[in-house]
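User: I would like to go through the pockets and aromatic rings of a protein model. Could you take my questions one by one?

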Amino acid sequence: MMNRRQILGMTPGLAMLARLPQTGAATYDLIIKGGRVIDPSVGLDGIRDVGIAGGRIAAVEAGITGDATETLDARGKIVAPGLIDIHTHVGRDAEGPALALEDGVTGFVDAGSAGADNIAAVAAVIRAAPQISGALINIARTGVVSGGELRDINAANVFLAQGAIARNRDVVVGVKVRLSENVVGGYDLEALRRAQQAAAPFDLPVMIHVGQNYSPIRAILPQLKRGDIVTHMYAPPPNSILDDGGRLFPDVAAARRRGIIFDFGNGVNGHFTWDMVERATEQGFWPDTLSTDWNVLSPTTGVVDFPNVMSKLLMLGMPLSEVVACATTRPARAFPAFEDRGTLNVGAPADVALMELREGNFEFVDNYQGTRTSRERLFPFVTVLDGKRVPTGV
Ligand SMILES: [Zn+2]
């Protein structure tokens, strides 16, 4: 993986590669023409063409001239870095990665579908996925179980988790633990302690799933280190991020200041209410990252797709460029495996999500059947992966 300096250092060389020595005119594999390019990594929001050569971004300019094998008309569309979904369950099914790709998801993290006993199956899906991806290993050896994988705390086995991480270093990018009382009973703090213990020798982040936990959030946060992730940040009480009066606990804001990442985690049941989101965002507590908690059944159960999740924050008043940042640049920074992603900077791998912002009346549902109506919604349009347009409907 390259760091940003190396990417920037490559810029002149790639520009040379993109030129025909005989004529001096640029040539590209693909030009995405005339879209509204939003690249939060460089603060760009404007009408540009994006030239791609050799699987990498070769130019982002107004009115690129030069030959291209293929041209993509992006007028009226949004052109963003490929979306990176850091809380999804894509890895459960062999067909997951291709379906997510159609939604613009060019990078994903399977968040705890599997534990030490069954990580091999998820790892196989991830190794075969066309897009860059990784897995959080569940501290529970079984992975997610609908009845609660940590009802017996002995299922949180540090030794087995570490062995599984060691066998799958190319896949495992962190450790996941679900802390809801219906998952772990009263042992949430012990489960988190074991997740940290499993992660420590590998220097991996831990993602915690919060919501209706036995312990208050103020007791949980001190166990988190810089770079750890709190998903389902807007889960309703008991023990939410807000006090009984609806005010954000100062401990939560302090956790963000010391580098804890707060993630939306859309999901289906129990993970957010409009009331919670509105109260928290009115106090300035917006997500650092957006994620879907998607699985292959999601298109029929309410999560829908990543651009749908992005549309919800847009509805609540988050600026579009910020919404894109929360779905691209920021999640890319959460895991070293994605450090060259979440950008359309010249030299970066050419993963691009084209979306359409449609006007109309769109209803968005929270996890408790609460609804809000918006006048706009983002839809996936075309995905470009490694510089190639992804065929849709396959
Ligand atoms: Zn999940």
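User: Which helix gives the largest share of the lining of the second largest pocket?

Analyst: This is a predicted model, where local features need pLDDT of at least 70, side-chain atom pairs count only at pLDDT 80 or more, and totals for chains, interfaces and linings use all residues. Residues are numbered from 1 along each chain as its sequence is written, and side-chain values use heavy atoms, with hydrogens and water left out. Helices (H or I, at least four residues) and strands (E, at least two) are DSSP runs, numbered from the N terminus. The largest share of this lining, 3 residues, comes from helix H9 (residues 274-282).

User: What is the volume of the largest pocket?

Analyst: On a 1 Å grid over the protein atoms alone, a pocket is an open set of points where a 1.4 Å probe fits, with protein on both sides within 12 Å along at least five of seven lines; lining residues have an atom within 4 Å of a point. Grid points are joined across faces, edges and corners, and a volume is the space filled by probe spheres set on the points. For the largest pocket, that volume is about 580 Å³.

User: Which residues are closest to the centre of the largest pocket?

Analyst: The lining holds 26 residues. Closest to the centre are Arg178, His209, Asn269, His271 and Asp293.

User: How many aromatic pairs does a search of the whole structure find?

Analyst: Rings of Phe, Tyr and Trp (its six-membered ring) pair if their centres lie within 6.5 Å; planes under 30 degrees apart count as stacked, over 60 as edge-to-face and the rest as tilted. The search finds 6.

User: What is the angle between the planes of Phe272 and Trp274?

Analyst: These two rings form an edge-to-face pair, 5.2 Å centre to centre. Ring pairs also link Phe272 and Trp274 into a cluster with Tyr234 and Phe264. The angle between the planes of Phe272 and Trp274 is 80°.

User: Why does Phe335 count as buried?

Analyst: Phe335 pairs edge-to-face with Phe338, 6.3 Å centre to centre. Buried means under 20% relative accessible area (1.4 Å probe, protein chains only). Phe335 counts as buried because its relative accessibility is 1%.

User: Which ring has Arg358 over its face?

Analyst: A charge sits over a ring if NZ of Lys or CZ of Arg is within 6 Å of the ring centre and within 35 degrees of the ring normal. Arg358 lies 4.0 Å from the ring centre of Phe379.

Methods
Buried < 20%, exposed > 50% of the residue type's maximum accessible area, 1.4 Å probe, protein only.
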